[in-house]
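Here is a short report on one structure. Look at the sequence and the model first, then read on.

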Amino acid sequence: MDGALTARRVAGLALFALVAAFPYLYRLPPFDQVLDPFRTFQATRLMIWLVVLMGLNLLTGYSGQISLGHGALVAIGAYTAAVLMREYGVPVVLAVLAAGVFTGAIGFLLGLPALRLTGPYLAIATLAMMLALPQILKLNGIRELTGGVSGLLLSTPRAPGAVDGFMTDRQWLYYACAVPALVMTLLAWNVTRSHVGRAFIALRDAEIGAQQMGINVPLYKMIAFALSAFYAGIGGGLFVFTEGFMSPDTFDVNLSITMLVVVVLGGLTSIGGTVFAAFLMTFRNDLVDAMASLGVLKVPGAIVPGKEQAPETLRGALYGTVLILTVVFMPQGLAGFMRGLQERRPWKRWLQAARMPRRRTVPVGHPASPARKTRGGER
Amino acid sequence: MDTRRAHVATAKQPMGEFVQQAATGLATGSVYAVLALAIVLIYQSTKVVNFAQGEMAMLSTFIAWSWLSRFDYWPAFFLTLAVSALLGAALERVALRPVESAPALNSVIVTLGLFTIFDSLALWRWGGVPRPFPSPGVFSGSPLAVGTITISRLNIGIFCTSVVIMALLFAFLNFTKAGLAMRAAAENPAAARMVGIRVAHMLSIGWALSAAVGAVAGMLLAPILALQPSMMFGVIIFAFAAAVLGGLNSLPGAIVGGLTLGIAQNLAGTYVSPHTGSIDVTVAFLVIVLVLVVKPAGLLGRQVKRRV
Amino acid sequence: MTAASAWHSAIRARGRGAALIALGAALAVGMAAGVACAKDDQPGGSSPGVTDTEIVLGTHFPLSQHLAAAYAPMATAGMKGYFDYVNDHGGVNGRKIRLLIEDDHYAPSDTAEVVRKLVEQDNVFAVVGGLGTATHSAVSQFLEDRGVPDMFVLSGASKFTEPVVKSRFGGNPDYLTEGKILGTYIARQYPRAKLALILQNDDFGGDGERGIEEGIAGSGVTIVVRENYESTETDLTSHVQRARNAGADVVVAYTLPPQGANVVKVAREVLNWDVPVVVTGVDATDIFVDLAGKQNAEGVVSVVFGKQIYETDDPGIAKHIEMVKQYGGGAPPSNLTVTGQAMAELMVEALTKAGRDLTRQSLIDAAESISNFTCSVCLVPVNLSTTDHRPFEVEQFVRMQEGKWTAFGEPIGFESTKP
């Protein structure tokens, strides 16, 4: 790795510096118009989502296992960490790590029944898990531990005394989440480029073929589940640490589904895609609100006759429509779209075309004309 | 002030109670069964698990409701079936066709998107306040008493309707040319095309039929569940569990699965819940896991061999 | 080493080193800035959100993407409508009220986000009528830490008002108090009854259960069966059957209207069971009657603190209907909007009493001094004090007669503020 100062590298460094200094930026002139401590809160959330969604991407993107129940694993991690911190006074770092390991173990066990499942079955099973978890958390036997319906309240997270004076609680929380997020992202980066990652991809694309090639399919399936659960557990632990509150309703089925959705939108099988996904997840409400404020939500009112309710109720419809449009037109997600742009560099071609004199092109329909798009026939 | 004493049931003996709870479980299960039929139908004809099934049924029921103010029950009923079928076919063409050849995950996402859209549309158009929906005249009236057991007529009606629908669909899919063509199109589209089957056509028909069945389910369940956008939230997962239990590729399985799940839930509620608290969803989850571990094809399903 | 030569060294060094230097530089700059102005992040003073002409209030409500969005009109038409009405009639001590309603989709993690936004970006003076137990639980600690007045929380959970937190006040009657009131009535009315409890499997049912137990304590009433159901269950036939089999002669239901109606319908129609049914005030709406059927619902008893929307003869309700028509943004008047207005009236009363010199402290003191205040759509008076942050501790009993909830008897309550 030489020290060449490519444009790309400089941009990368600048980005890194931005992320590293983010919690302090709102005090500096160009940024204080757009940033404030609330944005730091959102940035902290983003880091947590990055960890959680990375796990989901490893499972669904790289290994091709559909999971609608990732939220349940995050909840398990959150509860584990909460109980450890609250009942046993375990320090945060250990509690979060323990949460990750415990949840990872559960994920490993979940891999067992999943071994024999294909797509739709797995989706249904994980959905059922997601729906059953709140009820399980409220069961008489466990209620004392989990706080039942009322949930668990932790003390407000505070920065350690050592940093008083130059770091507020909120800034501290940002770093407390950003560092693990960075580490876990690097870990995922390494895994996906190792033989484990290649096994995952083989698993996704042709399970039977993978078996023929000597890959221990059951083992890698369970590793995929365990790893994604580990990420979920760490994310859950960080979440409960920064929020200070956890209830059976906090991670509900809507959230689980949304997580899957943003991972797909961001781009499966791509670390960059997960970063996009984390942004989408953190700002999804803002995005929907922004689209709504464009007046889009007033349109159906003009078309459908009769009394209807407030336009806000249509936010869900907007969300679903965007979702379907993206999956249909941009199945590789944002990351795929960016990759496509990069590879094809349409702007270079446009420039070239603009500069060249017009030439007789081959007529459409001629055998030599550029290949027409063919519909995927075989499934 | 009312001081009428309650009529204490004669079924105070354990056996009588067991039988009554089992009977009630059958009633509950019939609710799951009728929805599960639509789910299995779509899976058999398109190999897609339609997570929006419940919401489609709910929307159909709202459409029926808006016509009830102008028409009698049965005309509104059949009109709704027709409209639902059309909407189902349109949905397939617009939303599912583009992801037909994409990985399964994409169609899962599309049906989830449809779920959100329909839920939101219903909330926007009719509001979240629950409203009553009539049951067909033939199914209303005082409950039937068989010995010490009481079952409501509507539940019996739902059960009978499910069986009839199932029989019709079964006959269609197994003994008619069109039905067999539909199954062929779902199981092996490439081969089906080679024999001249218009696969796209078949998919549309599959969705149309399933939407119609869903509409029937919605209209029969609304009197019990109360018509509201969230009406199916509580039952749809059990319908999926029932479909899995019975076998995603078996129509009779949907009914068997539904009834079994209903009984299991009710018995668990009677004998286990008093000690643990509510466990209905937990039971469904455990049932799914058990089935998938022991016999993934379900009680009545066929094991599908994947060829390389 | 000059900055320039350091820069050149960085260029020549391995990429990783350059990254480290960049990181170090960025952190150093940031921390310098941090140290230079390291003070509280809190927005200024004791009266954010208050100007000479305006008071900015905030609330979190489900407006979309969740079935609880059915409650939206409580805030959009009831609260906001009433505030707009007050603004048009002179405002409060010369100031107009601006209510920011944020959509939390009834998801606690979204609530945490929008409330932080309200406090930190919108600088609201106070939060009024935050809806939902699970959702508000995610923010009650935050609001308390920041000293933001958390007024009239729309949740029946007793934990928000006990122990008393200076900056937080309850809104609708909590289920514990309500359960006590119902239990007291049952103990009087059915001295040796065997009770069946049908409870939603959450705080709502749990608090109600505890309240009933307290209300019947010391009497001859016993609880013979407790049936828990999940909030998504809509057909409670099996629960009602078990209640009957257990020999109950009074049924108490802590249910939402659809399930409550289902209980009554099943009992009367399917099981031919004439058992007296007592329901939580949450079910005292016309939805309950619509779903259960007038005949089945006849005789059901409940408690309320506000008037019913169909009492159009009542001047308070008549005025409310007009208000909603004009300021409600198209939403129909309903018991939901009535509750919303009740909360808004409480807020206006507290703001008025706080006077022109409006600070967060003066607001809280003013609220605590509210005494014997009956809002225009309420049936019972509100009393608050430094130890009592529960506005409605007394409720009026109603019985379903011919499709309408009709008041009877004397209000029963556990008013903890002595006159």
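In which helix does A:Thr80 lie?

## A residue in chain A

The model is predicted. A:Thr80 lies in helix α3 of chain A, which covers residues 70-87. Is A:Thr80 buried or exposed? A:Thr80 counts as buried because it has 23 C-beta neighbours inside 10 Å, and the cut-off for buried is 20 or more.

Set aside the neighbours within four places in sequence. A:Thr80 is then in contact with A:Ala98, A:Ala99, A:Phe102, A:Thr103 and A:Gly233. A:Ile142 is 62 residues from A:Thr80 along the chain, and their C-alpha atoms are separated by 12 Å.

## Chain B against chain A

Here 47 residues of chain B are in contact with 47 residues of chain A. On the side of chain B, the elements that give two or more residues are α4, α7 (189-194), α9, α11 (273-276) and α12. The largest share comes from α4(B), with 17 residues.

What classes make up this side of chain B? The residues divide into 33 nonpolar, 11 polar and 3 charged.

## Chain B against chain C

This contact takes 42 residues from chain B and 37 residues from chain C. On the side of chain B, α1 (14-46), α4 (104-126), α8 (199-225), α9 (233-246), α10 (251-271) and α12 (280-294) each supply at least two residues. The largest share, 6 residues, comes from α1(B).

By class, the side of chain B that touches chain C has 17 nonpolar, 18 polar and 7 charged residues.

Note on methods
Residues numbered from 1 in each chain as written. Chains lettered and ligands numbered in written order. Predicted model: local features only at pLDDT ≥ 70, side-chain atom pairs only at ≥ 80, totals over all residues. Contact = placed C-beta atoms within 7 Å. Helix = DSSP H or I, 4+ residues; strand = E, 2+ residues; numbered from the N terminus. Nonpolar A, V, L, I, M, F, W, Y, C, P; charged D, E, K, R; others polar. Buried ≥ 20, exposed ≤ 12 C-beta atoms within 10 Å, placed from the backbone.
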